[in-house]
Amino acid sequence: MIKFVKGDSDYFPADKLIAIDAGTSASCVLHFPAKDGSAADAVLTVTTTAAKQGNVAEAIIDEINFGKQHIIDVVELHEDASSAAVTGN
């Protein structure tokens with residue numbers, strides 16, 4: 001089954017996920033290869049409540065690895081995710 005990660009109005013193949021940054025800011029940042037093939041990453045930023053970015057990242061990882069959803073909507077997936085925006089290509 002091919003899974004896609006949905007953020008904003010963009011869909012990224014889950015198996016192309018490069019990295020997740022769940023650092024100190026109130027967001028969880030997912031990095032994917034650029035859609036246009038350029039060297040810059042496409043960045044999906046999921047806004048969360050303070051100190052919950054790790055929980056959101058874990059929920060995304062669990063759904064990619066063990067879930068049954070074909071389309072993983074990062075905002076609908078976790079109660080602490082409030083919005084998602086894509087920057088880059």
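Buried means under 20% relative accessible area, exposed means over 50%, and partly exposed lies in between, with a 1.4 Å probe and protein chains only. By that rule Ile 60, at 0% relative accessibility, counts as buried. The model is a predicted one: local features need pLDDT of at least 70, side-chain atom pairs count only at pLDDT 80 or more, and totals for chains, interfaces and linings use all residues. Residues are numbered from 1 along each chain as its sequence is written, and side-chain values use heavy atoms, with hydrogens and water left out.

Start with the overall build. The protein has 2 helices and 7 strands. Both kinds of element are DSSP runs numbered from the N terminus: helices are H or I with at least four residues, strands are E with at least two. Read from the N terminus, the order is β-β-β-β-β-α-β-α-β. The radius of gyration is 12 Å, close to the 12 Å that the globule rule gives for 89 residues, so the protein is as compact as a globular protein of that length. That radius is taken over C-alpha atoms, and the globule rule is 2.2 Å times the number of residues to the power 0.38. Along the principal axes, the C-alpha atoms fill a box of roughly 35 × 30 × 20 Å.

Of the 89 residues, 37% are buried. The accessible surface comes to about 5000 Å², and 52% of it belongs to carbon and sulfur atoms. These areas come from the Shrake-Rupley method with a 1.4 Å probe; for residues, only the protein chains shown count as cover. Charge comes next. There are 6 positive and 13 negative side chains, and the centres of the two sets lie 6 Å apart. Lys and Arg count as positive, Asp and Glu as negative, while His and the chain ends are not counted. Each charge is placed at NZ of Lys, CZ of Arg, CG of Asp or CD of Glu.

Contacts show how the chain comes together. A contact means heavy atoms within 4.5 Å. Among contacts between residues at least 6 apart in sequence, 53% join residues at least 24 apart.

Return to Ile 60, which sits in helix α1. Beyond residues up to four places away in sequence, Ile 60 touches Cys 28, Leu 30, Val 74 and Leu 77. Thr 87 is 27 residues from Ile 60 in sequence, and their C-alpha atoms are 19 Å apart.

Thr 48 lies in strand β5 and is buried, with a relative accessible area of 6%.

Strand β4 holds Val 29. At 14% relative accessibility, Val 29 counts as buried. Not counting residues up to four places away, Val 29 touches Ala 19, Ile 20, Asp 21, Val 43, Leu 44 and Thr 45. Between Val 29 and Thr 47, 18 residues apart in sequence, the C-alpha distance is 8.6 Å.

Which rings pair up? The structure holds 1 aromatic pair. Phe 12 and Phe 32 are stacked, 4.6 Å centre to centre with 10° between the planes. Rings of Phe, Tyr and Trp (its six-membered ring) pair if their centres lie within 6.5 Å; planes under 30 degrees apart count as stacked, over 60 as edge-to-face and the rest as tilted. Phe 12 lies in strand β2 and Phe 32 in strand β4 (residues 27-33), so the pair ties together parts that are 20 residues apart in sequence. Phe 12 is buried at 2% relative accessible area, and Phe 32 is buried at 1%.

Ala 14 is in the loop between β2 and β3 (19-21). Ala 14 is buried, with a relative accessible area of 9%. Its contacts, not counting residues up to four places away, are Lys 3, Phe 4, Val 5 and Ile 64. Asp 8 is in the loop between β1 (4-7) and β2 (10-13). Its phi is near 60°, a positive value in a residue other than glycine. At 45% relative accessibility, Asp 8 counts as partly exposed. Ala 51 is in the loop between β5 (41-48) and α1 (53-66). Its phi is positive, about 65°, although Ala 51 is not a glycine. At 67% relative accessibility, Ala 51 counts as exposed.
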